[in-house]
Amino acid sequence: MRFIDLFAGLGGFHQALASLGHKCVFACEADESLAALYEKNFGLPAHGDIRGVRPEDVPAHDVLCAGFPCQNFSKAGDQLGLSCPQYGDLVGYIVAILQHHRPQFLIMENVPNLMRHRGGETWRQIRQQLVAAGYDVSEDRLSPDMFGVPQTRERCFIVGRRGTLQGFAWPKGNTTECLSIRAILDREPPEARYLAPNFITYLETWQDLIAVLPDGEPIPSWPMWAMEWGATYPYEDETPYSRNFKGLGKHRGAMGQSLSWMLPEQVAATLPSYAREEASRFPSWKVEFIRKNRLFYQRNRHLIDVWLPRIRGFASSFQKLEWNCKDEERYIWSKLIQFRASGIRVKSARRAPSLVAMTTSQVPVVAWERRFMTERECSRLQSMGKLKHLPGTKSAAFKALGNAVNVTVVRAIAEALLTADLGKRHAITSPIQRSPAHAG
């Protein structure tokens, strides 16, 4: 079959469908450097912004693929959805191509929050447009680790077929606990970026605390906020701001610092940054995290008080730790690490965290080798290990890989969709299939 690759990026759709024997006849990508790279990798020029492409200039095709931008739907963005001035109109261009060419199939990808955005109303609007264009549509959320790739990265996928999807079933994958990130790693690659001494100190300091916790004290599954250990400022029914940072002399701020004899502005500066919120009440999730951290401190105060001075000079991001390893070995150096604005995140080595359009500092760290993952290793997490050319800089490569679709997942979907027994497959044909000149 002939397919087109809209918002092509690194060409994840191209790699998946080409591996099944299908032929790409058109691609578009607004980023000029990625468009040039696409031609270098696949020998097919990628046209620029889809807004500059007329539907009639797109070649006839059987399958439309589109990993359309997610920034306006992502929980990490402003969530303006279809009203986003930068990205909100892009679905309309996809629909225009569908209406003009009437391809038999469509496969689309976006963030899971697309389904929940504005209570589901955004997806309902998009779905109505696809149905009005003549497509039976289905959606599901799939992740690479469901298909043997050691990465947890759930994404929303949308498939459609003109007429009916009867006979199609979403691939279930083969989820297994035997996955290991080591399967995609190189051993001490020379191009890797290694941890600076201060980052090693952050991890060593947290490991020392974890090592002395009693066996009967579970490592918290919620974020550990060291600045709450020893703090007593009000947080449940009022906030320091609601009291204008006054009358708190009997309380303690971050890491137990006394608030007595302080001016209001000094009180505010002594509190954790998240406790300075200008609100009369903290949100329930914050109240719960503070409560849990203070109870944890009370149970382990004799250990924490000895350890706490070692972390006082750390930046606030490194005074927080998220242990996402459940009951695994209590040893940071056997895990994957991410340094995030929200804290140091410790993950199991079974699966990599979700690759996102990240800065180089957010790239997963292979703790046992004291280094960040390389671009080529991250490409394997997106099932793009055979891609010959990646962007020339680390930052550009990690951003592009974070925005890419996973080849293994798309291949499984395409295989299920394009080979499904749809009953009237030969009776309901697209204009392409009726024309011998365009026969796939």
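## Strand β8 and its partners

Strand β7 (residues 224–225) is joined to β8 by 2 bridges, and the two run antiparallel; strands here are DSSP runs of E at least two residues long, numbered from the N terminus, and two strands pair if DSSP finds at least two bridges between them. Within this pairing, Met 224 stands opposite Leu 321 in β8. On β8 there is also a pairing with strand β10 (residues 343–347), made in the parallel sense over 4 bridges, where Leu 321 stands opposite Ile 344 in β10.

Is strand β8 mostly covered or mostly uncovered? Strand β8 (residues 320–324) is mostly covered, since 4 of its 5 residues are buried, where buried means under 20% relative accessible area, with a 1.4 Å probe and protein chains only.

## About the model

This is a predicted model, in which local features need pLDDT of at least 70 and side-chain atom pairs count only at pLDDT 80 or more, while totals for chains, interfaces and linings use all residues. Residues are numbered from 1 along each chain as its sequence is written, and side-chain values use heavy atoms, with hydrogens and water left out.

## The open sheet

An open sheet with mixed pairing is formed by 6 strands in the order β2-β1-β3-β4-β6-β5. Its edges are β2 (23–28) and β5 (135–142), each of which has a single partner strand, so one side of each is left without a neighbour in the sheet. From one strand to the next the twist averages 15 degrees, with axes being lines fitted to C-alpha atoms and angles running from 0 to 180 degrees between N-to-C directions.

Inside this order, strand β3 (residues 63–66) and strand β4 (residues 105–110) run parallel and are joined by 4 bridges, and Cys 65 stands opposite Ile 107 in β4.

Conventions
Buried means under 20% relative accessible area, exposed over 50%, partly exposed in between (1.4 Å probe, protein chains only).
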